[in-house]
Amino acid sequence: MNPVELLVAKPAGHGERIEPAGVFFCSKCRRVWPNEHDAGQCCLCSYCGKELPKGENYHHYECMMSAYRKRHEAQLASARVVTDHEGFVFCEQGGPNDGYAQDIDEMAEWWQDEIDSGDRGRDEYPEFVLACMVRPPRQVDADDLVEMLAEEGYEDMHDDVVVPDSLKDALKEFNDANKNLVTYEPDYKRKVKMPELVRSSC
Ligand SMILES: [Zn+2]
Ligand SMILES: [Zn+2]
């Protein structure tokens, strides 16, 4: 903030000439920036534009979180409602496993308990949660290993790598044995309606 241009002294005749250096410093923290605009933005929150406390860079943590929440709310609002979703769901505001639940029933139960125990208010109960999509584990094949081996070798080394059939069989077995290791990711295009709260909070 309050950018100040640096000056340089250049020898001229018997004395020296003072010239603008074309770089600017922030008058608060004195960091140097390549242009006036960047120096002017220094020490200001990139979200709210207000001055940052000493030692903080780029933005207030709260401003970043609130922007993140708003983005999430907008995504949730534009998601399509699905009624046939089975399996994992995700809720940004919380869920049994870091926001994830095995299904909508487990999610609803967790929220019900939170509200009954007084940890959350009834007004926090989410109307919708996101459906999750399933990402299967990556299939490892012989080409991956050939690439890995030849990557830093001589040119066209991959043409010379020998892949025994037993390795192909072993890799198939390996992939089959691990195919259940799926990862769940929130699908920002689909949401599931939460059931109505049943018990009243006490
Ligand atoms: Zn600064
Ligand atoms: Zn801010």
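## Helices and strands

The protein chain has five helices and eight strands. This is a predicted model. Read from the N terminus, the elements run β-β-β-α-α-β-β-β-α-β-α-α-β.

The chain is more spread out than a compact globule, because its radius of gyration is 29 Å, well over the 17 Å that the globule rule gives for 202 residues. Along the principal axes, the C-alpha trace spans about 85 × 70 × 30 Å. Buried residues make up 11% of the 202 residues. Among contacts with a separation of 6 or more, 53% join residues 24 or more positions apart.

## Domains

The domain assignment divides the chain into domain 1, domain 2 and domain 3. Domain 1 covers 3-61. Domain 2 is written in two pieces, 79-136 and 182-193. Domain 3 covers 142-177. The centres of domain 2 and domain 3, taken over C-alpha atoms, are separated by 41 Å.

Strand 4 pairs with strand 8 (residues 183-193) in the parallel sense, over two bridges. Here the bridge partner of Val81 is Lys191 in strand 8. Strand 8 also runs antiparallel to strand 7 (residues 128-135), and seven bridges join these strands. Val134 has Tyr184, in strand 8, as its bridge partner. Val89 stands opposite Ala101 in strand 6.

## Nonpolar cores

In soluble globular proteins, nonpolar side chains tend to be buried together. The largest nonpolar core in this model has 14 residues. Those with the most contacts inside it are Val89, Phe90, Met107, Val129, Leu130 and Cys132. Strand 5, helix 3 (104-116) and strand 7 are the elements that give two or more residues to this core.

Phe90 has contacts beyond its sequence neighbours. Leaving out residues up to four places away in sequence, Phe90 touches Gly95, Gly99, Tyr100, Val129, Leu130, Cys132 and Pro186. Of these, Val129, Leu130 and Cys132 are also listed among the core residues with the most contacts.

## Two residues with positive phi

Most residues other than glycine have a negative phi. Arg30 has a positive phi of about 70°, although it is not a glycine. Arg30 sits in the loop between strand 2 (15-26) and strand 3 (32-33). Arg30 is exposed, because 9 other C-beta atoms lie within 10 Å, and a residue counts as exposed at 12 or fewer.

Asp98 is not a glycine either, and its positive phi is about 55°. Asp98 is found in the loop between strand 5 and strand 6. With 7 C-beta neighbours inside 10 Å, Asp98 also counts as exposed.

Key:
Residues numbered from 1 in each chain as written. Chains lettered and ligands numbered in written order. Predicted model: local features only at pLDDT ≥ 70, side-chain atom pairs only at ≥ 80, totals over all residues. Pairing = 2+ DSSP bridges. Helix = DSSP H or I, 4+ residues; strand = E, 2+ residues; numbered from the N terminus. Buried ≥ 20, exposed ≤ 12 C-beta atoms within 10 Å, placed from the backbone. Domains from an automatic or database assignment. Core = buried A, V, L, I, M, F, W, Y, C linked by C-beta atoms within 7 Å. Contact = placed C-beta atoms within 7 Å. Rg over C-alpha atoms; globule rule 2.2 N^0.38 Å.
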